[in-house]
Amino acid sequence: MKIDQYFQGQPCWVELASLDIAVSKPFYNALFAWDIVDMPIPHGTYSMFNLEGDDLGAMYQLPAEMIKTGELSQWLIYFAVEDLDNTLVDVAGAGGTIVRGPHDVGEAGRMAVIMDPEGARFALWQANNHMGAQRAGEKGTLCWVELACRQPKIAKPFYSHVFGWGTRVTDMEGMEYTAWQVGSQEVGGMITMTDEWGDMPAHWMSYFTVGDCDAKARQVVELGGAICVPPTDIANVGRFAVVNDPNGAVFSIIELKIA
């Protein structure tokens, strides 16, 4: 499905910071059939994930100095905002931190990287010439984003203040699950991390649609990645798995149930 517009608070882009982009490129090309289109930027190359001419996301090589300071391969989710500067005022007022930016990205738009009160990172995007991902609702595209945190009573008012999100709380197999809403559309969710998560920090997770979760999980391993959470059914939703790419970046794949 083609996308031509994003509204305040909708996930609009994903970006992979890679420890070794020469390893990441063939992995994602084989796994999701993404074409990789390199674009020169002032300090290197920005590699677009592309499907039949439509941009879906991107990746870049982590600079050596960032790797030396302990930065790891990781995905970053961007959320659309109508006015970046006004949203940054809301971020500060709600207890968030500006990690990087705000700054212009050529003529494409303006961005900033944010850390929420518990330390989970995400990005804000005010579009100009590039709105973000141009497809959704099909295999290989971003379909869901999820916050894992330990203090939902802090996270809920923070994100509602920053993005104007509504919430819907449900019971998911004995666990409270919060869905984030932009108007009537559910765009993501939130789960509470328990002691079983160990010392893992709060974080945002990207989910990509696949046709066969089990087969795709096996392919992840064949391509040099690893399975963190094996294929698991979610009642009335589908079947998902949490995986690592060969550089350790974590993401989820999900085979959605067809009603």
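Which residues of helix 3 are buried? Keep in mind as you look that this is a predicted model. Select L84, T87, L88 and V91: these are the buried residues of helix 3. They span an arc of only 105° around the axis, so they sit on the same side of the helix. Now turn to the face that points away from this buried side, where you will find the exposed residues V89 and G93.

**Stop two: a pair of helices**

Keep helix 3 (residues 84–93) on screen together with helix 4 (residues 152–163). Their axes come within 8 Å and cross at roughly 160°. An angle over 145 degrees counts as roughly antiparallel, and that is why helix 3 is described as roughly antiparallel to helix 4. The crossing of the two is right-handed. To see the contact itself, select T87, D90 and V91 on helix 3, then F158, H161 and V162 on helix 4. By type, the residues of this contact are 3 nonpolar, 2 polar and 1 charged.

**Stop three: a cis peptide bond**

Next, select strand 6 (residues 97–105), where P102 lies. Zoom in on the link from G101 to P102: this peptide bond is cis, with omega near 5°. As background, most peptide bonds are trans.

**Stop four: two loops**

Most residues other than glycine have a negative phi. Go to the loop that joins helix 1 (21–32) to strand 2 (35–41) and pick A33. Its phi is positive, near 60°, and A33 is not a glycine. Then jump to the loop between strand 14 (226–234) and strand 15 (238–244), and select N236. N236 also has a positive phi, about 65°, without being a glycine. Is N236 buried or exposed? Its relative accessible area is 71%, and exposed means over 50%, so N236 is exposed.

**Stop five: helix 5**

Show helix 5 (residues 213–222) and colour C213, K216, A217, Q219 and V220, which are buried. Because they cover an arc of only 160° around the axis, they lie on the same side of helix 5. On the other side, look for R218 and E222, which are exposed.

**Last stop: strand 16**

Finish in strand 16 (residues 250–256), starting with S252. S252 has a relative accessible area of 0%, so this serine is buried. Setting aside neighbours within four places in sequence, S252 is in contact with M205, S206, Y207, F208, A241 and V242.

Now select I253, also in strand 16. I253 is buried too, at 0% relative accessibility. Which residues does I253 touch, not counting those up to four places away in sequence? Display F32, F208, V210, C213, K216, A217, R239, F240 and A241 to see them. Among these, C213, K216 and A217 are buried residues of helix 5, from the previous stop. To end, draw a distance line between the C-alpha atoms of I253 and C143: they are 110 residues apart along the chain, and 9.4 Å separates the two atoms.

How values were computed
Residues are numbered from 1 along each chain as its sequence is written. This is a predicted model: local features need pLDDT of at least 70, side-chain atom pairs count only at pLDDT 80 or more; totals for chains, interfaces and linings use all residues. Side-chain values use heavy atoms; hydrogens and water are left out. Helices (H or I, at least four residues) and strands (E, at least two) are DSSP runs, numbered from the N terminus. Buried means under 20% relative accessible area, exposed over 50%, partly exposed in between (1.4 Å probe, protein chains only). Contact means heavy atoms within 4.5 Å. Axes are lines fitted to C-alpha atoms, for helices over the stretch in contact, and angles run from 0 to 180 degrees between N-to-C directions. Angles under 35 degrees count as roughly parallel, over 145 as roughly antiparallel, 65 to 115 as roughly perpendicular and the rest as oblique. A crossing is left-handed if the near helix is turned anticlockwise from the far one by less than a right angle, and right-handed if clockwise. Ala, Val, Leu, Ile, Met, Phe, Trp, Tyr, Cys and Pro count as nonpolar, Asp, Glu, Lys and Arg as charged, and the others, Gly among them, as polar. The arc is that of the directions from the helix axis to the C-beta atoms.
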